[in-house]
Amino acid sequence: ASDRFGVSDDRALVLGSLTSFLSSIPDSSVVGLDFPFGLPDQLIPFDDWVTLLARFPDWFTSPDDLRRRCLMHAELVTGSRTTLLRETDEPLGALSPYDDRLQNRTFYGIRDVLRPLVTTELVAVQPMMEPKTARPSLIETYPAGTLDELQLHTATYKDDTERAESHRTENLDGLEGHSVSLPSEVRSRVLEDSGGNALDSVVASFAAHRNTVSGLQTSWVADREVEGHIYV
């Protein structure tokens, strides 16, 4: 991202550049982002997601504070300090938004990417908001869930072993079997990224595309207007 936007790898600069980029893309665009867009509804005293976004900085001051407060509220609701799942998480084997492996993504994604874009009415976020033809749409994706549905490798492609590189290759080949076409230099960069983030970005784009072609399931609004929905 710092290369793409021409900034240092400071988080605030990168996320600011990403937000600016998302605000300037064509109105017909649909973008898949790989982080939780919401929290389990048992923990949220609001009946709409936009209110959650507006209050988010007042509720949580850091990723650690997000996890601590969510655990505290979960204990009040369930009697134990547990990591509750959203309705959309469990069928896909996704982590809780405030799991310690995901808390940073959730906190910074909601506070520094979604919130400024939504509160200034520059995007529509599905399925919590009505689609707007005059705004780009953002959807939550989960690359591991998409890869699992395609019967490809879901976790064993993220290190620098020969086995992981082989699995990255097989995953890319599998995507190309679903009409994904990558320039050779992009394919090489994806295969060389041992962390798997480049491949994840391709999978997120694929998920955004195929869900758009099949029609975004905005009918989820009724029961997921606070929690959100993962599009695979």
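This is a predicted model: local features need pLDDT of at least 70, side-chain atom pairs count only at pLDDT 80 or more; totals for chains, interfaces and linings use all residues.

Q: How many salt bridges turn up in the whole structure?
A: The search finds 14. Side chains of opposite charge can pair when their charged atoms come close.

Q: Which residue does Lys158 pair with?
A: Asp200. Their side chains form a salt bridge of 2.8 Å, N to O. This pair links distant parts of the chain, 42 residues apart. Lys158 sits in the loop between helix 6 (143–149) and helix 7 (162–176). Asp200 belongs to helix 9 (residues 197–214).

Q: And how accessible are Lys158 and Asp200?
A: Lys158 is partly exposed, at 37% relative accessible area. Asp200 is buried, at 6%. The cut-off for buried is under 20%, so Asp200 qualifies.

Q: What about Asp99, who is its partner?
A: Arg101. The closest N and O atoms of that salt bridge are 2.9 Å apart. Asp99 is buried, with 9% relative accessible area. Arg101 counts as exposed, at 60%.

Q: Which residues form a network of salt bridges?
A: Asp65, Arg68 and Arg69 are linked that way.

Q: Switching to helix packing. At what angle do helix 4 and helix 5 cross?
A: Roughly 105°. Helix 4 covers residues 63–78 and helix 5 covers residues 103–119. Their axes come within 8 Å.

Q: How do the contact residues divide into nonpolar, polar and charged?
A: Four are nonpolar, three polar and two charged in this contact of helix 4 with helix 5.

Q: Now helix 2. What span should its 14 residues have?
A: At 1.5 Å a residue, helix 2 (residues 11–24) should span 20 Å. Its end C-alpha atoms are 20 Å apart, so the model agrees.

Q: Which residues of helix 2 are buried?
A: Val14, Leu15, Ser17, Thr19 and Leu22.

Q: What do they pack against?
A: The buried residues of helix 2 pack against helix 1 (2–5), strand 1 (30–33), helix 5 and strand 3 (137–141).

Q: Backbone next. Which peptide bond is cis?
A: The one from Gln126 to Pro127, with omega near 5°. Pro127 lies in the loop between strand 2 (124–126) and strand 3.

Q: What is phi of Gln151?
A: Near 60°. That is a positive value in a residue other than glycine. Gln151 is in the loop between helix 6 and helix 7. At 74% relative accessibility, Gln151 counts as exposed.

Q: And where is Ser179?
A: In the loop between helix 7 and helix 8 (184–192). Phi of Ser179 is near 75°, again a positive value in a residue other than glycine. Ser179 is exposed, at 70% relative accessible area.

Key: Residues are numbered from 1 along each chain as its sequence is written. Side-chain values use heavy atoms; hydrogens and water are left out. Axes are lines fitted to C-alpha atoms, for helices over the stretch in contact, and angles run from 0 to 180 degrees between N-to-C directions. Helices (H or I, at least four residues) and strands (E, at least two) are DSSP runs, numbered from the N terminus. Ala, Val, Leu, Ile, Met, Phe, Trp, Tyr, Cys and Pro count as nonpolar, Asp, Glu, Lys and Arg as charged, and the others, Gly among them, as polar. A salt bridge is a side-chain nitrogen of Lys or Arg within 4 Å of a carboxyl oxygen of Asp or Glu. Buried means under 20% relative accessible area, exposed over 50%, partly exposed in between (1.4 Å probe, protein chains only). The expected span of a helix is 1.5 Å times one less than its number of residues. Contact means heavy atoms within 4.5 Å.
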